Structure formats: structure tokens, C-alpha cells
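Notebook open, viewer loaded. I want to jot down what I look up here as I go.

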Amino acid sequence: MCFISRELPVERSFPHNFGGCTRIRRGICRFCGTNPVRETLSSAFFLTGISEPPPCGGIEDALGKNTALRVDNVGVKFRMANEHVDNIKDYAIKLLKHELRYHEFWALKDISFQVDKGERLGVLGLNGAGKSTLLKVIAGVLKPTEGTLQRGGKIVPLLELGAGFENQYTGKENVFLYGAMLGYKREFLKEKYEEIVAFSELGDFINVPLKNYSSGMKARLGFSIATIVEPEILILDEVLSVGDAKFRKKSEKKIKDMFDKGITVLFVSHSIGQVRSLCDRAIILEKGRMIAQGDVATVSALYEEAIK
């Protein structure tokens, strides 16, 4: 159980078998696109129900040559603790006494859609609708409780920029730390280091500990590291609002340059205008369920009507 969020996924098995899976290369499973090391580190925050890890399944069956992503009846169930547990000792005592109480809820339920290569899909919905949870499932950060997910290319998720930063380290040290968490090799990061610093516009602040950075400076550094590669599938979660107005225009231009190269995009935003300008299709989520999908003009009009 994570003592910060107090959320416990129902299914606790790991998606990779480190002893038997031969598909891990450069930190990334080349079939399912996830980072097993990052998943294992994330799972270390949870203390119950860890089962023997099954072998990596990868993509279950071949996607069509024009299909980038297929989601079939995906659902994610969480357990929410009824009371706060401050430390491992209290948790262990309550576990042994069978005093742990929780309730279950579905963050996502019966989600199905397909995204073709080069398509840009907008994900609309109010706060708590399940948008970020869906993107985390697609990125491989969360494992679905039910349903199947097939990916047809390398994924770069821009979800929570700078989530792996260490405040005591300098910006330069965090370039290599955060880059390693994203699966980039040290040699690659050395080669791209000057480009990362130049794009982030941090200058001499790159040698200052991150604890002295503003939130905007951290986001700029995270964006510069994460977008240093060109993916086949790009996942965006409200990242076009990074930094000040000048850097926001710069980041939007970089993202649009990626779009022009024909990459597949999944884009979450509360800005209907951004979704209309950047996407050609859209879906609407409400309380974990998909209530509409179709061309962006029709779906965005439905969403506007719903939030009036």
C-alpha cells in the first residue's frame, strides 16, 4: 500500500519475469514498450499481495500495419483504505489482526477504442473522469485489472514532468537520473546534454540544486529531457501549459514539429480549443466510462454542451 495515496491496486502481479524474459533491451521491453525496472520500483511502495511474476506477454497478437494502439474492454480497479496508516509497524499489526478495511472502486471500466498510425486522439473529461489513469495504463505505468492493450510502436509518455527528480541533486545530475528513468542510455544523454540545456533555457542554473528551482523551471527541464527522442506514439497530459508564455510557445512548436512527422498522439487537455486544433478524433470519459467517441468537431461539441 502506498502510504502517500493509500491506494492499493487489486491485482498485484508484475508484468515481467526478469529471470525468463529475453525481450528487455536498454531498459525497455521492445514488445510492450514498458520499463520493467520503473514498474518494479513503483510496485515497491505496495506491501501486500505480491505474487510470482509471470513472463512478459508483449503484444498478444499482431496489430494491423496501420494500427498504432488497440484498447479492448480495459478496466482498472483500486482499493481505497478506510483509515490512514502512518507507518509500516501499524500496517503490519492491522494486517495480522485482520483490521485493515478498504472499499473498491473502478477508476476505468469497459474502455475500448483503436488509434491508427498518424492519428491524433484527444481525451476529454472532467477532473476524476479517469483520463490520466487511462494514459498511465497505455504508457505501461499501471497494469489494467481486466481487458487487453496492444501497442504498435515505441511510446514516450509526457505525464508528470519531473516526477523522478531528486531535489538535492543539481539540474545536470537530474538530467542523467531522469533520463535513466525514461530508459535513455548514459552515452545518449551525454550526446544530447547541450541540446537539453539549451532548450530548457536554464543556463548556469543547470549546476544549481533542484531544491532552488521554481516549479516552472523543473517542468521545463523535465519537458526538455522527455522530448529529446522522437517516439512513434506520444502521450501528452496537460504538458502544453509548461513554463511561462514564451516557453509554452516553444514547447507547442516542438510538439507540432513531432506531429508533422506523422507520429501517433494521445492528448489530454481541459482546453477544448487545444484539442480541436491539435486532434482529429476525440473520446469523452465520465466517471471511468467512455460515453462518446468520434471526429473531434462532433465530440468536442458534445463535451461543451455537457459542461454548460
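I began with helix 4 (residues 171–181) and helix 6 (residues 215–226): their axes come within 10 Å and cross at roughly 45°. Axes here are lines fitted to C-alpha atoms, for helices over the stretch in contact, with angles from 0 to 180 degrees between N-to-C directions. I call the pair oblique, since angles under 35 degrees count as roughly parallel, over 145 as roughly antiparallel, 65 to 115 as roughly perpendicular and the rest as oblique. The crossing of helix 4 and helix 6 is right-handed (the near helix is turned clockwise from the far one by less than a right angle).

Before going on, I noted that this is a predicted model, where local features need pLDDT of at least 70, side-chain atom pairs need 80 or more, and totals for chains, interfaces and linings use all residues. Numbering starts from 1 along each chain as its sequence is written, and side-chain values use heavy atoms, without hydrogens and water. Helices are DSSP runs of H or I with at least four residues, strands are E runs of at least two, and both are numbered from the N terminus.

Which residues meet at the crossing of helix 4 and helix 6? On the helix 4 side I listed Gly-171, Asn-174, Val-175, Tyr-178 and Gly-179, and on the helix 6 side Leu-221, Gly-222 and Ile-225. Contact means heavy atoms within 4.5 Å.

Buried is under 20% relative accessible area, exposed is over 50%, and partly exposed is in between (1.4 Å probe, protein chains only). Just after helix 4, I found Gly-183 with a positive phi of about 95°.

Next I looked up Lys-131, in helix 3 (residues 131–139). Is this lysine buried or exposed? Lys-131 counts as buried because its relative accessibility is 7%. A polar atom of its side chain sits 2.9 Å from the backbone oxygen of Gly-125. Leaving out residues up to four places away in sequence, Lys-131 touches partners including Val-268, His-270 and Leu-285.

Glu-99 is partly exposed because its relative accessibility is 36%. Beyond four places in sequence, Glu-99 touches Glu-83 and Lys-94.

Last, the whole chain: I noted nine helices and twelve strands, with 45% of the 308 residues buried.

Technical notes: A polar contact is a pair of N or O atoms within 3.5 Å; within protein, one must be able to donate a hydrogen and the other to accept it, and residues adjacent in sequence count only if both atoms are side-chain atoms.
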